Every structure is written in structure tokens, then in C-alpha cells.
Amino acid sequence: MTRKDSGVPTVRLKSITKRFGDVVANDEIDFTLEQGTVHALLGENGSGKTTLMSILYGLYDQDSGTIVVDGEPREFDSPRDAMEAGVGMIHQHFQLVGPMTVLQNIILGHEPASNGLVDESAARDDIEAICSRYRFDIDRHLDTPIRDFDLGVRQRVEIVKTLYRGANILIFDEPTAVLTPQEVDQLLEMMRELTETGCSLVFITHKLDEALAVADQITVLRDGKAIDTVAADETSEQELARMMVGREVLFDRESRETVPGEPVLEVNGVRVDGDRGLEQVSGVDLAVREGEILGIAGVQGNGQNELIEGIAGLRPVTAGTIRFDDKKITDLSRRHRIESGIAYIPEDRQTEGLVQDYDLVRNALLGNQTISPYVSSGIIDWSAVHDHAETIIDEYDVQAQNANSEAISLSGGNQQKFIVGREIMRDPDVMIASHPTRGVDIGSIEFIHNRLLELRDAGLAVVVVSSKLEEIQRLSDRIAVMYEGEFIDVVDPDKVTEEELGLLMAGRSRDESGEEDEEMHITEANKDMTTKGTEKGDDTDTTVTDSRDGGV
Amino acid sequence: MNIAAYATQNRMRFGAGAAIVLVSMVFISWFDLPLADILTVGFLTRSLQAAAPIALTAIGGLYAEKSGVFNIGVEGFMIFGAVNTAAITWLVGGKTAGQSALWIAILTSTLIILLFALVFAVLMIRYKADQIVAGLAVWLIGLGFGPFMAVLLWGSQNSPGLASIDNLTIPVLSKLPVVGPLLFNISPLVLLTVLGTVAAWVVLYHTRYGYWIQAAGENPEALDTAGISVTRVRYAAVIFSGVMAGLGGTVLMAHAGSFTGTGETMVSGRGWIGIVAYLFGNYNPIGAALAALLFGGLDMLQIQFQTVGINLPNRLVNLFPYIAVIVVLTIWGSTRVPSAVGEPYESEE
Amino acid sequence: MSDSNSETARDVLDRVAAAMLKMSIIERFVISMAAIILALFVGLLVVATTGYNPAAFSQNMLEGAFGSEAAIAQTLMFTTLFILTGVSVSIAFRAGVFNIGVQGQFIVGGFATVLSILWTAPLLPEGTIGGVILIIVGTLAAIVAGGAYAAVPGILKAYGGANEIVTTIMLNFIAIGTVGWLVEGPFRGEGQSAPNTERLPEYAELPQLIYNSPSFSVVGLGVAFLIAAIIAILMSRTSFGYDIITSGHQESAAAYSGVNAKRMVVITMTVSGMVAGIAGAIFTIMIQGYYSDPAGIGSYGYDAIAVSLLAANHPLGVIPAGLLFGSLDSAGSYIGLSSDVPAELINGTVGLVVLFIAAPELFRMAAKRTGLGGDEQ
Amino acid sequence: LGGNDGNGGGSGNGATNIALVSSPAGFDDDAFNDLALEGLKSAQKEHDIEINKVEETQQAQYQSTQSELAQTGKHDLIVLVSYNHTQALTQNAADYPDQNWMLINDHVDESNVAGYTWANHQMSYLAGVLGGTLTTEEFAQGSGETGPENAQIGFVGGVDESLINAFEQAYIAGAKWVTENVNVNVGYIGNYTDTDTAADIASSQYDAGADIVYHAAAAAGRGVFEAAQAKGRFAIGVDSDQSQTLPDFQDVILGSAVKYINEGTREVATAVAKDNFKSVSGENILTLEDEAIDCVIGQAFEGDLPGVVDKNLEEAKQGIINDEIKVPCTATGCNGS
Ligand SMILES: Nc1ncnc2c1ncn2[C@@H]1O[C@H](COP(=O)(O)OP(=O)(O)OP(=O)(O)O)[C@@H](O)[C@H]1O
Ligand SMILES: Nc1ncnc2c1ncn2[C@@H]1O[C@H](COP(=O)(O)OP(=O)(O)OP(=O)(O)O)[C@@H](O)[C@H]1O
Ligand SMILES: [Mg+2]
Ligand SMILES: [Mg+2]
């Protein structure tokens, strides 16, 4: 599979243009991938990264421009053609079939067959060969359904699948968005190893540090145009950020002036079960004060989600109490909690925070169904709701045609801004924000962060859950680290390094001397995932779907 | 998936099946019923016959649903299968139609249903028809045009007596006690159903096409990005489901020897039971066939009870399978429906 | 797609066309009409190919639906039932719950009407006042029975995860079987040789204000209109309706906004069943006057699915859609009496209407092909 | 009208117009509905009669079907098959006092109604005598056989309800009158159309040892004959001589309990054609004495059955007519069970 280094670039895209209706997703983009290198693609949401790579992978036809692979011009009508030319893509949303086994997922579409029956043992040999060659550890799990695994394993399966199909040009579309810091490290490591065996990689990401860490070359897209291509060792985060958004972006942690007041939200000994009836939160105590942001950090699946859903009233609490404003709210329904002043920005804007095929007016009513002036004694005042939607759109800089646009027509960042606006304008006493900037571009991240900080300064109690350490560190006044359903530690963001946080999230308290043992580590994590199961949240960013009950 | 794995995965289902059998047994011994008079060889044969149409329909339906298309029109396809077979038998053989006329009808009817199913598949897949509604429509169309055809041909919603299929009798072996009449003096269509069940199981779990069907229903994009046309896989599965349901109707008619179009027609809810059978069988063809046998057996058990003089209100006893269906669905409503069922798939082209 | 000038012009047209297509009411209407016309066309084609005269058949259909006072009364009688059952279906479908069990709820409701009226009649004075009270009692009983019968699959779905499509269909069969047994045995009327209940008292009858027909009263139609209007307001102007519809669109978002999704499923089914119960009450009081084996009372609950879809599940749209199906049914029964064309054809044609309505894409594509969609010119 | 039958002439001028509305089982049942039609057709031979056949299988529609037919004003007589019409007719007979109706198998007390009921119980009793006699005889012919070793017969009914219960009870009584210790298996289908279930029930009874099965299941009864052929046993038909109406099954149909419904419809049609409806209106219960019912031997078996069969049948008929034999139930049903 290794190719001779001929000096010809592995992939050359020349002047690629692609339109969707009147959106020019790619505008005469040139792109070159050199043999045996990692080439990062950066750009804000909607800048055209996925589109460009989908063209290379044969999912879309370009309107104009040419694709040259290994010096030969190519026409890809389908991914099958692209695969034959050695191009494989690991999608932002994993393309796995939950109930099928790891092995079946890997060979799907390329099954070896004898006498009309699939020859799984032949496939097994091939896969084991690939695993040992690229040092993947998934061959132990070949007969387990993929849905039993966490995202890290799923991603490795995706990579092996691509390699199994004979790809040596691998496209990774935002592979790190859903991974824990440790998994990200492993992935980057793996990517370097792949280039050593002769593969060429395209790496789409929003994270500048990752691009700098692993890439040889970096191309920045903005509004469908290629702004520049630079060598990774000749640029900086600041420069890349400037290219992406077209202006300077501040990343520094701001110091705060206000002093936190009395505790508003108190949680004592709370226990919460996850979707599969297993306890995910095992006795958590916390108190959030007025004018304070409490950050909750943790690797996904350690109960953060269940905890805040318990507080927000979306999940029953099996033990312990929740007090809000000195009143016990443990048994209040979700609706009563909304009414009493708890705002909640959900992790999953697509399925929870918005009704995708409602327009923004009807979405503005979501959660406000019992709140005047929008509704009085059960009757909706639609004109008041309409005004409300327009106010959110204006004040929170939501890019939408008008209030009657459907939510689905908004990009992810704009959807998020709309939700943030709606929740803040509810004038709450407590704001709970879960992964408030996931998948949001840098400009919008800054905007949302500033809004949250303003809330704090206005004296609200704010809880932020995030797996992005940089976000947690920037926003929080205190950071609680959650591990296996408990707070393993509460730390001061000014006195902790990212490395220390990372270790805490991996379950090691600060005084333990952390001797790194990679292999051990992976097995731990896997065991974790298979026994405990990945709880809600994991599936939201992948298309591997888990059991969906009854309904059609 | 091998049988043992299936069995362990579906402990609950087997448990429920066993429980139903057990309850019947307890009932039988409680009332000191003449067990030997109830569980006769004839009873088993009739149960197999009653199960065959349901099993065929269930297997077709599960293929469609596994591939991501909920074909709730199977009841309608059964009606068409039954009426077509009756009509062709009549056209070929008249009132004195024989076995050859019947076989010709079985084959021709299957071809005609194939065309119907193709049209249906085009509507479902190419024109993205709402699967629930289109399926119900097929039922309504069957309920209308089935009897319509009967009235055209015979001036009545019911056909006259035509021909029913002869048993396949193997001379010496059929004289063996119990297994003889059960296995060697058997309707060829029952035999076909058994073979079809096994074949459907092999195809689903051990061939490439089977893999693709599963992927098409769970995550069509994964299949698409693997370079397999989701659309083609679904076409094949939907057409197959229509044909199988049609065949179910055909078998029903070939065993009865005539077509009845009054009321809910002679199909009378068997298509719906077929759907439940594959849910009960957890989308496994063999599981579905066993569930069909359970439903067929329950129906026939009721008759055995009458024969030995246990007089239960017959109209109520007939409801037992329907109640069983509800109980079964509720006890584990968590029957996992393939994720992408009901969503039309459009490849990104 | 070469000349950039024509391309922009085309783009504008595209956008206009797209916007037109988005105007869901107009689009829905056009598609519905197209579906009906296509289905009728196929029906006539069948008539012609089976050797009958399609022109005579069409004329017969018109006569059967609107040709005489009796025909109109008959049409409106069916319309009344279709509006009510259609509204019932629309409530559930709007909430994303597939209540295919309207037929069963309709039967159980209607039977409850008969029983409650027969039981209370001896306690009340005869005559108009007694009649009015009996009608109210009977209708309330139907509402309760229909609602309760629909709540069962709702509860099974919400708390047991049982697929409501299957359970409601099973419950239809169970309703038919059980009520069938009850009218054959325990509740058979004194001295009835047929399996029928006692007849309702003469005075428990809706008044014949217009049209002298044994089975139609304009009061029944009025009730149907009233229910459709009430449900329309409930759906569009109340937070209850918003909750229902939100649950139908996206259950997780509804839960986020404070809707208890499970309870919503049960409530939706119950409300839907209550309306089906009213339809059952109207059927017994206005049309039949007693209860017989429900295997033979028609398939209003199933046809209602078509009615509701034709109306895009809008309670007001159900009114014209109900009228259409009412006319078809009325024409069908007339054809059965007055011509040789088998009346079953009408049922098949109704099925075709449903089939075509299920596939709006068919007409969108056809419109594009023929340029009628505003795509080309 | 489709334009080809009937000329819109009301009563009095031209042909006599008769509408015939089916029972829910529909026409072509080779029994009940067909017999009613046959009677009208034979009346047609002597008089100028137009027949309008209306198949309606939904009971809920009978009210409007009847009133629509009556409203046209062009039918001199509307014949309604089966008691499913009774409720609707109670209303319509009063609403359309000028319309003449004939109701088969039940009666409505109005002067414009001729109610005709046949003594189902008597003919079933005779069927029981036939079955009860032969089950203990050694006899094989056609496709069936029976032997003396066990006295066991069967009964397959349509719907388990009063009317059919009368068939069942009388049949059992008839069989016991001949053979005290006869064992009767009883099964009900649940409707009158499902031949498949009928066959299953009969098969089950044959398996259990029954030699002869009598059915009262209208169109579904054909399933019983199929089962008889498959199992090599005998069956008894109902309503008409089914060895004639279903010649395919001649070889197993020992006999049939017949009621001459055709005679009834012919009688009424003739009366109407002669403008003399009064002569038939009111309740008419037709019995053995009127020679309106009988138990006839099947085509293929005439003269071949053991002599004791004829002897017993004759004896039973005499007994019934002389009131020496008390047949349980009545023509319209049995409320004892
Ligand atoms: N299938 C499609 N139909 C219509 N427009 C599309 C489609 N896919 C992408 N677009 C448009 O093309 C533009 C580029 O989208 P693309 O998905 O390539 O962005 P991206 O850079 O991958 O963004 P992100 O970082 O958010 O993933 C967007 O503005 C989007 O509106
Ligand atoms: N298939 C499609 N058809 C039409 N528009 C699309 C399609 N796919 C994407 N878009 C549009 O492209 C824009 C960006 O899409 P994209 O999915 O890349 O958003 P995003 O910002 O990356 O959100 P997220 O991070 O949640 O994925 C949105 O305006 C979206 O509406
Ligand atoms: Mg992207
Ligand atoms: Mg994105």
C-alpha cells in the first residue's frame, strides 16, 4: 500500500467551485495534499471545509474544477469511485451501524464472500493484519456490537474501516470534537503514525492547537474561499485565528471584579440514574453562589449530564435534596422549576433546545408556555411571542432571515445564540449551561462567553458544564471535576494547570503521583465504557443510534 | 447471528412464548382436560397450515422493516394475493379447477403481486410516501378492490369453491405414527414456508445483501458512504415484502380453496398478526416463524377446545391472539425498531 | 446552466417556486385535489376496462351524492361521521401518535351510548325533555368510554413502550369481538332474533330540522362542526395545543420545555378517543338507533385516517375532506342499488386517494416535469 | 338503475318489480340467499317479473338501503333475507306503509310485511336422525365411510347464537332419539363466511372420531365438505339439497336438511304479481306439516343407504307431525342454551 515518493502531490484540487442554491460553499478553491503529510483545514462554521472534502470523497459533484489524485485527473461519481482511488473519509458523524459487530461494520460494503455467504474469518484475518500493522487495539472487540463502545473506540473502528477499504488518503472531519482530552492525544498520536506508514491525511478541525500540534500544512477557509496555506511550524494560534475570522480574537482569561454572594442553589447528596437504570451520579454536594460561575469539568459519561438534568428537572433524583432560594425543589416538575427561575441551555440544541421545523416565533415560546405575557390562563398571545422572538434575534445577533424562518435553516452557532438569548431573557436566577459552545465557531464562542460572564457580573449563579478545558478555565470561578459520578476535587482555576485538570478528569487526585501508562489507560477507559455503558450525550454527535423505544 | 446467541438475547421472548404454552397446559390440567384429545396430530398439522401465511407475511415484513421501510400494507398485499390466486385459478380451470390450475395461479399471482409491490416501492422510496399512510392505503385498496374483483368475476364478494392444494404424500413414510402424517403428508406450501424461513434467515445474517439490509435500516448513511446504494437495497426488500405477503394470501387461499371477500375478507387481520409476529420474533426470520406458529396454534387450540366440549364463548376466545399481542408488546415494548425506519433516505447526490 | 444571466433568472424562479411549495396550505390543497382527481381517474379507468360505461358511472355517482334530497341527506350523514372521526385522528396525528384505533373507540363509544340510554331511560320522563337528557347522557357515556378505550394504548405506549399502531389495531379487533359478543348474548334485546340490542326510545332522537331522512339530522352535523372548531382553537391558540403539537414534532424538545411527554401521549390519545366516542354516539343516536354486530357497521375509523391526511391533520380542513368522503360513500351506496358496477369500487377508490395523498412528492415531481410547478415558466 | 333492468314503472303498469336484498353473507352462498333468488326466478317463469338483486353486507346500511329502495317507489315487493334486516324494517315498514315487504326468517308486525320463517329445528332434528342412524351402521360409499364402532357425530355452526343453537339442539335431540348414547362434537366458526375455519373445525371433529358432520353455517359450510373429502367421512348439508348445488361434494354429502325458501319467495312473488299481497302478509311459520322442510338424501346416495335410515326418518316425521316427538327450540331460535 505504501507508495513510492514520486514528488507528485497525492491530491490536488484545482479551482473547485460548489454551489448550493445561492450559497457558494466552495469558491475556486485550490488545495494540495503532499504524500505522507497531515494537512489541516481550518475555518469557521459554514466556511466550506466539509463540502470541499465531500467533493474529494465523491459525495458531491463539483460545479467546476478538477480533482487530481496521484497525478491523474479523476471523476468521482460516488464514494465507491473515491475509495478505489484510495480516498477514505472519517466523517464528523460516525457512519457506523449500532447493532452490527465491529467486524461487520468494518467490512460493510466490502464483504469477502465465498459461495454467496460472507466469509467472516477471511475478513478477520485481514483486519487483524491491519490492526497489528497500524497498532490498533480493536481486534479484541471484533464480535461485539459497536453500540457497546465509547466514541474513542468507534473512531478507531472508523479508521480501520477506511484502511480496510484500501485507503491511503484519509480525511478526518472534525474528529476531535467529541473526544476526551486523552482520546484526542491518542488520536493525534495515531495520525502521526499513519503518516509514517505512508498515508496522507486531511484533518478538519476548529481547534488551533490541534492543528498546530499535528499538521505539516494548514489551509484556512473563510466564506468558501481558501485564504492561505501555511506551514504549521511557521505560524501561530493568533495568526490562524485572525485568518479565520478576519480580526484579532482574545483568548485570555479575564479577571473578575465582583465578589460572590450568598449560595442560591444547593445540592446535597444527590444521586441520579442514567438512561439504562444505572446510577450515574453517586452523591454530589455543591453550592453555587450569587455572582459566581461554577465550572463542572469531566470526561463525558461521568455523570455531569445526569447531574444537571437532575437539577433542571429533566431526570428524577433518586436520593438527596436540591434547594433553590432556600426552598426545596427536589420534587418539583421541570415546568415548575422553569417557572421558579432556573434557566437551562441544553447540551443538545438540535433535539432539545429547539424544535427544528418550528419557526423562531414558535421556538421562542418553548419553555415559556406558562409564562405571561406570552400565555395567560392557557391562551397564547402570539403577537407577544412574535415580538419576543424578534427581540432575541436583534439582541443576540442571530443570523436569520426573519422571525418566521424555521430553526433548521439556521447554522448551529446561530441556533445556539437563539437558545442562549431565549434562556437569558427569561430573567432567571440560576443559569445552567451545558457545553454552551460545542460546534460553535470562534466568533460566536466569544459572544456566548461574554453573555455568560455578564450574567455572573449581574449577580446570577451560573453553572457551566464543558469538556473543553480552555472554556472551563476561562469562565469559571471554581472548577468541580467530576469522575464516576462524584466530585473528585474542586479547584481554583487560577491555581491549576491544564495538565493537572486532565489528570483529575482521569480519576487521579492531585497528590497521586501520575505515572503515565498508556496501555493501561486505554484498557481502563474501554472497560469503563463497556461495563458502565456510554450514557446519554454520546449519541448526540454520532449517527450510531442506540435503542430507541417502540415508537416508529 | 447463531441460534444460541439469538436464544440468549431473547430470553424474555422465549420466556413469554413458553409462558403462553405453560398457561395453556396448566389450564388443560386444571380442568382435567383430555390432553391427548386436544393435542392431536391433526391439531399440529392444522396449526402449521394456519401459521404458514402469517409466517410468510412476517418474514417479508421484517425484511422491509430491517431495511428501513415499515410496510404496514402487508394485510393489503395478502388480500391481493388471495384474490388474484382465486381469480386466476378460476380463469384457468373454471369451477372444476384442478391442481395444475392452482399452481399456475400461484405462480402468476406472485408475478402480479411483484408488479404491485414494485409500484408501491416506487411510491415509498422514490416518491417518499409516508410509510404508515401508504401502507394503510394498500390495506384500504385491498379491502375495496379485492371484493370488487370477486364481484366482477363471480357476481359475489365470495368466490365459489375452486380448488385447494393437495398434500404432498410420501407413500411409505406417511404411514409412520405421528411423524408420518405430520411430516410426510404435508401441504407443499407449508413445506415451502419452512424452507423459505430458513433461507430468509441465512440470507439476512450470512450474506452481503443481508448485511446491507441491516445497515440500510439502522444507518443508511453508513451504507451509502460504503458505496452501496441504499435505494436499491430498500427496493429489493420492499418488493420482497410485498411478494411474501402476497404469497401469504395465496397460501391462505390455496388451503381454503376459495376466496371470501366479505367483512375484512378472508385475510381478516392475519397481515397485522404477521407484523406482530416479527416484532415478537425480534426481527429474526426463525423467531418470526415460531411466533406465527404460536398464533396459528392458539387459533387451532380454540377449535380443539370446542371439539372436546369445552364451551368458551367462541367470539371472545377468538380474541386471544390479539390480546396476547398487546400483552407481548407491552411486556417488552422495548422491541428495538431499526433506527432509520420510516425515514426516506436521500443520498447526498 | 451555462449562461449566467438566465441562471440568475432561473434562480429567482426557483426561489419563487420553492416559496410557493412552502406555502403549505395552498400546496396541500393542490396536492389533495390532484390526489383525488388521479384516484377518481384510476377508478373510472377500472370502470371502463371492466366493461362498464364510465360516463354513466360518473353520473350515477353525482346523483348518488347530490341528486336528490335523500341523497344529500345521506351524504351529510356520512360527512358528519367523517368529520368527527377525522378530527379524532387529526388530534393524535398532530401529536405524532398514530391512533389507528378510532374505529374501536367509535364502536365502544357507540355501544356505551346505547347501554347508558337504555339504562337511564326508565328513570326519566318520556318526551322531549327526557329525550334531550338521554341524548346528553348517552353522549357523555360515549365520551368517557371512547376516551378510556383510547387511553389504554396511550398508557401502554407511554409506560410500556408498546407500538401504538399495532396495539390500536388489535384493540379494534377486540372491540369488534367483544361488543359483537355482548350484542349476541348478554345485551341482546328482549325477543330479538337477530343479535341486536334493544332499540333506543323513540324520543331519544335528534330532531329532523331539514331533510326528511331517518338517518340524518342537521343537529348532528352542527355538533361535528362545533367539535372541529373547538379542537382547531385548542390546537392553535392554547398552550395545551402547543404542547401537543410540540410533542408530536420533537418529543425531547417538548420535555425540555416542561411537557411531561408520557403524560402527553396518554392525554392526546384520550382526547382523540373522546372525539371518536362522540362520533360513536352520533352514529347510534342519529343513524342506527340500536347496536348490532360491529363487524358490519362500516369502517369510518379507518377512512377517517384518509380524511385527516387529506386535511393535513388540520381540524378545520377535516370539514371539506369529510364532505368529500361523505359524498363518495353516499355515491357508493347508491351505485350499489342502482347500477351493475360493484360498489366495492368506491372503497378501492378511497384507498387510492389515501395512497396518493401519502405521496405528495409524486405530484411535486410531476409538477416539475410538466413545468406546472413554476419551475420553468 | 343501470339503465338496463327495470323501466321505472310503478306497481300496476307493466312488469312486477321485485328487489332482493341479501343477508350479510351475500349471494352465491349456495344456500339461503341463492334459494330466495331461485324462488323469484321460478316465479319469473310464469309472470312478468323484474328482479333487482342488491348485495349489502353491512347491517348498519340496511336502514338506508331499505329506505332508499322504498323511496324509489318502483318496487312492488322488497324481499329481505335474514333477521339482520328486522330492526331496520321495524322502522321502515311503518315509514313506508305503501311498500310491500317480505322478511325471511323473522317477522315484523305490520300489515305490509310478510314474515316467513321455516322450522329450522324440525329439519335439523331430521338431520340428527339421519346422522344418528348412520353412525352406528357399517357403510362406505363415495369418498366416505362410517362404522359401528363408535356412535359419534359432529355439528359446525356459523355464529353461536340463538337461531343456530336451535339447529344444534334439535340435531342433537334427533340423533339421541335414534341412538341414546351418541356423542356429538359441537363447534362454531364465529361467522358465516370463513370456509377455512369451518374446515378446520370439521377436521378436528373427524379427528376426534365423528363420522358425520352437519353444518349450519351458510356459505362457510363448504369447508365442512372439503374436510369430509380430505378425511374420508360424511357430511350433511343445510338449507338446500347441497349435493345438487355443490356437485363437487356429492361423494360426501349424505343428505341435506332442506327448507324450501324458494317456495316461500315464489309464493309471495306470485301473490304480488297477482296483486294479492294480502294473502301472504303476516307471520308465516312453515313446518314439516306444510311440506316446507325436509331431510333429503344426497344425489349419490339415493337408494344406497341402509333401509333403516328411511324407516327412521319416516317414523320421526310422523312423530313430529303427530306431536309425539317434542323437538326442542323453535323455528326462530333457542333460548334454552
Ligand atoms: N447539502 C447542502 N445543501 C445546501 N447547502 C449546503 C449543504 N451543505 C453545505 N451547505 C452550505 O455550504 C456552506 C459550507 O458548508 P460546509 O458544511 O462545507 O461548512 P464547514 O466548513 O464544514 O462548516 P462546519 O465547520 O460548521 O462543519 C454552508 O454555508 C452551508 O450553508
Ligand atoms: N442538507 C442541507 N440542506 C440545506 N441546508 C443545509 C444542509 N446541510 C447544512 N445546511 C445548512 O448549512 C449551514 C451550516 O451547516 P452545518 O451543518 O455545517 O452547521 P454547523 O454550524 O456546523 O452546525 P453543527 O456544528 O451543529 O453541525 C446551516 O445553515 C444549515 O442549515
Ligand atoms: Mg463541516
Ligand atoms: Mg459542523
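This briefing covers a helix pair in chain C, two buried residues in chains B and D, and the make-up of chain A. The model is predicted; local features need pLDDT of at least 70, side-chain atom pairs count only at pLDDT 80 or more, and totals for chains, interfaces and linings use all residues. Residues are numbered from 1 along each chain as its sequence is written, chains are lettered from A and ligands numbered from 1 in the order in which they are written, and side-chain values use heavy atoms, with hydrogens and water left out.

**Chain A**

- Of its 552 residues, 57% count as buried (under 20% relative accessible area, with a 1.4 Å probe and protein chains only).
- Among contacts in chain A (heavy atoms within 4.5 Å) with a separation of 6 or more, 68% join residues 24 or more positions apart.
- H5(A) is mostly covered, with 14 of its 14 residues buried.
- Gly166(A), which follows H5(A), has a positive phi near 85°.

**Helix pair in chain C**

- Helices H5(C), residues 102-120, and H6(C), residues 128-160, pack at about 145° with axes 7 Å apart (axes are lines fitted to C-alpha atoms over the stretch in contact; angles run from 0 to 180 degrees between N-to-C directions).
- The contact includes Gly104(C), Val108(C) and Ala112(C) of H5(C), and Gly138(C), Ala141(C) and Ala145(C) of H6(C).
- By class, this contact has 10 nonpolar, eight polar and no charged residues (Ala, Val, Leu, Ile, Met, Phe, Trp, Tyr, Cys and Pro are nonpolar; Asp, Glu, Lys and Arg are charged; the others, Gly among them, are polar).

**Leu62 in chain B**

- Leu62(B) lies in helix H4 of chain B, residues 41-66, and is buried at a relative accessible area of 0%.
- Not counting residues up to four places away in sequence, Leu62(B) touches Leu204(B), Tyr278(B), Tyr283(B), Asn284(B), Pro285(B) and Ala288(B).
- The C-alpha atoms of Leu62(B) and Ala52(B) are separated by 15 Å, and the two residues are 10 apart along the chain.

**Ser124 in chain D**

- Ser124(D) is placed in helix H4 of chain D, residues 120-134, and counts as buried at 0% relative accessibility.
- The Ser124(D) side chain reaches the backbone oxygen of Asn120(D) at 2.8 Å.
- Beyond four places in sequence, Ser124(D) touches Phe167(D), Ala170(D), Tyr171(D) and Tyr214(D).

Methods
Helix = DSSP H or I, 4+ residues; strand = E, 2+ residues; numbered from the N terminus. Buried < 20%, exposed > 50% of the residue type's maximum accessible area, 1.4 Å probe, protein only. Polar contact = N/O pair within 3.5 Å; in protein donor to acceptor, adjacent residues only side chain to side chain.
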